[in-house]
Amino acid sequence: MGMFRGVLKRADFGVLDSFFELGGHSLMAARLMARLRTASGIAVPLRNLFESPTVAGMAEAIDALSWLAQPRAPTDGTGNREEIEL
């Protein structure tokens, strides 16, 4: 929430409040995304903020993108992944 607070210059909101309904606009959105990229190392597309303009939504987007960036299980040399029983 600290990054939202810093960009919006206010602290009277919750994780489900909309960035844009709180007074955010496109220039603030670009500033927020740059701060998120610097802090997380994940380049979250600006589109994510427009689709889910909340702290909770951005946290989910960062989690999903960081999961996608993780190395995957090695294959057996034929392109097939090793099967494991769950």
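Visitor: Does Leu16 count as buried, partly exposed or exposed, and at which relative accessibility?

Guide: In this predicted model, local features need pLDDT of at least 70, side-chain atom pairs count only at pLDDT 80 or more, and totals for chains, interfaces and linings use all residues. Residues are numbered from 1 along each chain as its sequence is written, and side-chain values use heavy atoms, without hydrogens and water. Buried means under 20% relative accessible area, exposed over 50% and partly exposed in between (1.4 Å probe, protein chains only). Leu16 therefore counts as exposed, at 66%.

Visitor: Which element holds Leu16?

Guide: Helices are DSSP runs of H or I with at least four residues, numbered from the N terminus. Leu16 lies between helix H1 (2–8) and helix H2 (26–40), in the loop.

Visitor: How are the rings of Phe20 and Phe50 arranged: stacked or tilted?

Guide: Rings of Phe, Tyr and Trp (its six-membered ring) pair if their centres lie within 6.5 Å; planes under 30 degrees apart count as stacked, over 60 as edge-to-face and the rest as tilted. A search of the whole structure finds four aromatic pairs. For Phe20 and Phe50, the centres are 4.9 Å apart and the planes stand at 20 degrees, so the pair is stacked.

Visitor: How many residues apart in sequence are the parts that the pair of Phe20 and Phe50 ties together?

Guide: Phe20 is partly exposed, with a relative accessible area of 26%, and Phe50 is partly exposed, at 47%. Because Phe20 lies in the loop between H1 and H2 and Phe50 in helix H3 (residues 46–51), the pair ties together parts separated in sequence by 30 residues.

Methods
Helices (H or I, at least four residues) and strands (E, at least two) are DSSP runs, numbered from the N terminus.
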